[in-house]
Amino acid sequence: MKSVTEFKTIMTGNDAVAYGAKLARVKFISAYPITPQTTIVEKLASMIANDELDAKYVEVESEHSALAAVFASELTGVRSYTATSSHGLLYMHEMLHWVSGQRLPIVMSVVNRAIGPPWNIWADQSDTINQRDTGWMQVYSESNQEAMDTIIMGYKIAENSEVMLPLMSMEDAFILSHTSEPVTLRDQDLINEYLPDLDLKFRIDIGNPMGYGSYDTPDGTFMELKKDMVDSMKKAVRVIKDETEKFNQMFDTNYGGLVERYRMDDADYALIAMGTVASTARFVVDKLREKGLNIGLIRIRYFRPFPYDDILEDLKNIKAAGVIDRSVSFGYAGATYSEIVSALYGKINIPVSSFIVGIGGRDVRIEDIEKIADTVRNESSGVYWINVKKVI
Amino acid sequence: MVLVPVSTVSTRNHPTDSWRIQRPTIQYDKCIRCMICWKYCPDNAIEIENGDESAPNERIAKMEYPVINYSFCKGCGICANECPEKCIDMEFEVIE
């Protein structure tokens, strides 16, 4: 039996994420500070300055440049990392496509924060939902521990030879990023066993020059390259499940694959949520169960690839479902809601409602989720804004 | 395995001379071999050759000199603009 040096301590989500990157043995970091992400890269910079982490840290003038620098370093076969938030992520938008299109398995942390105007630094998932179609996998964590472990699992999944797509790992602003929780720091030797060194097949090699970022024609392979990204996203579903299971076994954790289910086995009604709202929803589920309502919770961990098959399986015996989103598509409903209804279309015909909560960091209270559960129980379908004031 | 966009076909096989409207010409008898044109060319279309006969004097004749690769020069004129001796002429291309 190997000696395992796991260490339980208390830290913020941002510190946990920084330790996740350290455990994943990242060799290159480039970032631009933005609240509430700043303390992640601050922590990593201090680790490098104190010789606790053997990596290169490059300061740049913008988020666009940060991801461009990480793109270039990863392309030399070096495991690279960056972190951002909100407007910074939006500024990276072009480079997001370059990274996924070049099939670079970069992992990036994003602290979910609202997009202005007005300026607002609080929790809101609109920033990453905006990046849905960039070819990045997206994971939303619910705890500091999960945020740390997701960085490590993220590299393992992204670097799988069947996947080779970048991954965004999310934490809700302040609710995770700046809140301290108990976190177990993983044993480095065990992590090394789980996550081997990066071996990038196509990388910049002076001895074997090739063209990167070249152009392609309508008759070339452009269309095939894009289709291959979709195929890989589908293959990622299996890889995510396998790698999460492997992690669970090695580290005695209990992460769901693409979704996490809570009291769903005999449920008549289902709440579906993503990120920290799920913690409040879980509490409400327990409360309503005591009152005799058979309700359960599905927490979406992966928004891309979206767990279409899991959702179909989970909702087949459900009478009605409510989808809670901390983002909105102007002119429609919540982003997760539209994914869920398209998953169900033509297969399962139940009322599904969209609930918009916590926009711009507005507190999502227990009574809000209770109100949502009430609406779901009435088997209505529609789009509802929760805890919103009448201002005109 | 996944499809990765990597090209093995060199851009050397794709000449861009037809893009050029103006053609730079170096007057080698005035050129002092400072290589500023080579440094500034944004397209690496100026190459370096060993010693030249047509140099203004024997000392310069032993020095390396710049040669414009007209297969890739796009005629931007930066070399002519930067040349301290003003010995690069820009002339309109003539289609015969």
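This is a predicted model: local features need pLDDT of at least 70, side-chain atom pairs count only at pLDDT 80 or more; totals for chains, interfaces and linings use all residues.
Select helix α5 of chain A, residues 93-101. Now turn the view until you look down the axis of α5(A): its buried residues fall within an arc of 135°, so they line one face of the helix.

Next, show what lies over those residues.

Before leaving α5(A), step past its end to R103(A), which follows the helix and has a positive phi, near 60°.

Zoom out and colour chain A by domain. The domain assignment gives domain 1 as residues 7-251 and domain 2 as residues 259-385. Between the C-alpha centres of these two domains of chain A the distance is 27 Å.

Now select the contact between them. Domain 1 of chain A puts in 26 residues and domain 2 of chain A puts in 19.

Stay on the domain 1 side of chain A, the side that touches domain 2. Elements that each supply at least two residues here are α6 (126-129), β6 (137-140), β7 (167-172) and α9. Which element gives the largest share of this side? Select α9(A) again: five residues come from this helix.

The side that touches domain 2 has 16 nonpolar residues, with five polar and five charged ones.

How values were computed:
Residues are numbered from 1 along each chain as its sequence is written. Chains are lettered from A and ligands numbered from 1 in the order in which they are written. A residue is buried if 20 or more other C-beta atoms lie within 10 Å of its own, exposed if 12 or fewer, and partly exposed in between; C-beta atoms are placed from the backbone. Helices (H or I, at least four residues) and strands (E, at least two) are DSSP runs, numbered from the N terminus. The arc is that of the directions from the helix axis to the C-beta atoms. Domain bounds come from an automatic or database domain assignment. Two residues are in contact if their C-beta atoms, placed from the backbone, lie within 7 Å. Ala, Val, Leu, Ile, Met, Phe, Trp, Tyr, Cys and Pro count as nonpolar, Asp, Glu, Lys and Arg as charged, and the others, Gly among them, as polar.
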